[in-house]
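Please work through each task before reading its solution.

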Amino acid sequence: MSGTSSSSAPPSLREVAMGDVGFCELERDSWRLCRVVEVKKGAPPPAGAKGSSGGEAGKPQLMVTALPVSEKDKDKASGAEVPVSQLKVLSPAEVTAVGKLYDDLFKMQSLDEWTILHQIRLRYWAGKFFTAIGPILVSVNPYADDIALYSPETKQSYLAGQNTQPHLWEMARRVFLRLKRDAQNQCILVSGESGAGKTYGIRVVTDFLAEFSTHVAPSEEAAEARRVARMQPKVGLILEAFGNAKTRRNKDSSRFAKFAKLQFNEKGYLCGCLTECHLLEASRVVLHEANERTFHVFYMVFASSEEQYKLTRCEPWLFQGIPRAKWEASEDGRASALKQHQAVTEAFAALRVDPEVLPALYNAVAGLMHLLCVRFTSGEAAAAG
């Protein structure tokens, strides 16, 4: 590890001057590169500001302004009044160093919370959404569709080993090559906040591993490897229909944890897959927060078979305060539910599930929807009514 963590004593007032540059925590968990624009002696911090506890009153204060890292980042820049102890002053050489882009943050001279966050911010505004920290890959959701992040051309460059820039595909490629080289099990742990892109990231990684295995498979065995590779994403579609739901922060949030095993034989091609599910948020079946939804499968059945199962009476439970018309018109409403229903039906077919099983499965889902709409009253209340 070439990066080292630095921890220096807080600067004193005489060490700080107008124009100095350093890192300040302007918001909770948000370190920004700032410039000192005013030095105040003994001015108390404003009420309610970070560091405005009684222990800071009367101590030296600094007026700082955040430095934008790009033209698009200018609207994020802001000023604040902070105690002098909260500024991590940088030397001119350090200012130059933190302004460079690093594919792997282990190559930086110092590795602190503020330098890590600043690098991720720099790379984000430069259109680089993946950052390596040694064996760890930090992925930032770009919230955009008009980028070539997962284009076929980009994927081919990673399959061929021509591209080694930080990416989910590069991480998956290295894991697979290490699996073949060491002949030992490998593990990829994906974690992050809701809406960060965990579900999609897992899908990208497993799909690439399946295809990369097919890419190197012997010709006489490639057909079977490709068949398994095509089946694996179908399993994910089915699990996500029954285990994902819309939340306030994410319209396709996984409400369960899963442990997916991809199995490769000694020749290095995919020969099987197994997914174990844990900790399903079962309470969401009964009740969910306002402006959220229950699991996708209930909306799939409602959109495709409302008349068949007489599900109109289930609207109060299904939408829980959200007007049905709003669901009908939204981009993740009826049209999306019908599209997902078709995709799940095709996934079952690809997995060679007996077509006669599906009606029984959807019958059970519809029956549960009706059961959840049953209202119970005590015997005394019923007699009084």
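**Exercise 1.** Which residues are linked with Glu306 in a network of salt bridges?

*Solution.* The model is a predicted one. In it, the network consists of Glu306, Glu315, Arg324, Glu328 and Arg334.

Step 1. Begin with the contact between Glu306 and Arg324, whose closest N and O atoms are 2.7 Å apart.

Step 2. Because Glu306 lies in helix α7 and Arg334 in helix α10, the pair ties together parts 28 residues apart in sequence.

Step 3. Assign the burial classes. The cut-off for buried is under 20% relative accessible area. Glu306, at 11%, therefore counts as buried. Arg324 has 21% relative accessibility and so counts as partly exposed. Arg334 is buried, as is Glu306.

**Exercise 2.** Determine which residue forms a salt bridge with Lys246, and where the two partners lie.

*Solution.* Step 1. The partner is Asp332, with 3.1 Å from N to O.

Step 1. Asp332 is placed in the loop between α9 (324-329) and α10 (334-350), whereas Lys246 is in the loop between β8 (244-245) and β9 (253-254). The two residues are 86 residues apart, and the pair links distant parts of the chain.

Step 2. Asp332 has a relative accessible area of 15%, which means that Asp332 is buried.

Step 3. For the whole model, the count comes to 22 salt bridges.

**Exercise 3.** Is His296 buried or exposed, and which residues does His296 touch beyond four places away in sequence?

*Solution.* Step 1. His296 is located in helix α7.

Step 1. Its relative accessible area is 12%, so His296 is buried.

Step 2. Leaving out residues up to four places away in sequence, His296 touches Glu240, Ala241, Asn244, Ala245, Lys246, Lys251, Asp252 and Gln340. One of these, Lys246, is the salt-bridge partner of Asp332.

**Exercise 4.** Identify the residues that make a nonpolar surface patch of about 410 Å², and classify the accessibility of Val374.

*Solution.* Step 1. The patch is made by Leu368, Leu371, Val374 and Phe376.

Step 1. Val374 sits in the loop between α11 (357-371) and α12 (379-384).

Step 2. With 40% relative accessibility, Val374 counts as partly exposed.

Notes
Residues numbered from 1 in each chain as written. Predicted model: local features only at pLDDT ≥ 70, side-chain atom pairs only at ≥ 80, totals over all residues. Heavy atoms only, no water. Salt bridge = Lys/Arg side-chain N within 4 Å of Asp/Glu carboxyl O. Helix = DSSP H or I, 4+ residues; strand = E, 2+ residues; numbered from the N terminus. Buried < 20%, exposed > 50% of the residue type's maximum accessible area, 1.4 Å probe, protein only. Patch = residues over 30% accessible without salt bridge, like charges linked within 9 Å, V, L, I, M, F, W, Y side chains within 5 Å. Areas by Shrake-Rupley, 256 points an atom, 1.4 Å probe, with all protein chains shown as cover. Contact = heavy atoms within 4.5 Å.
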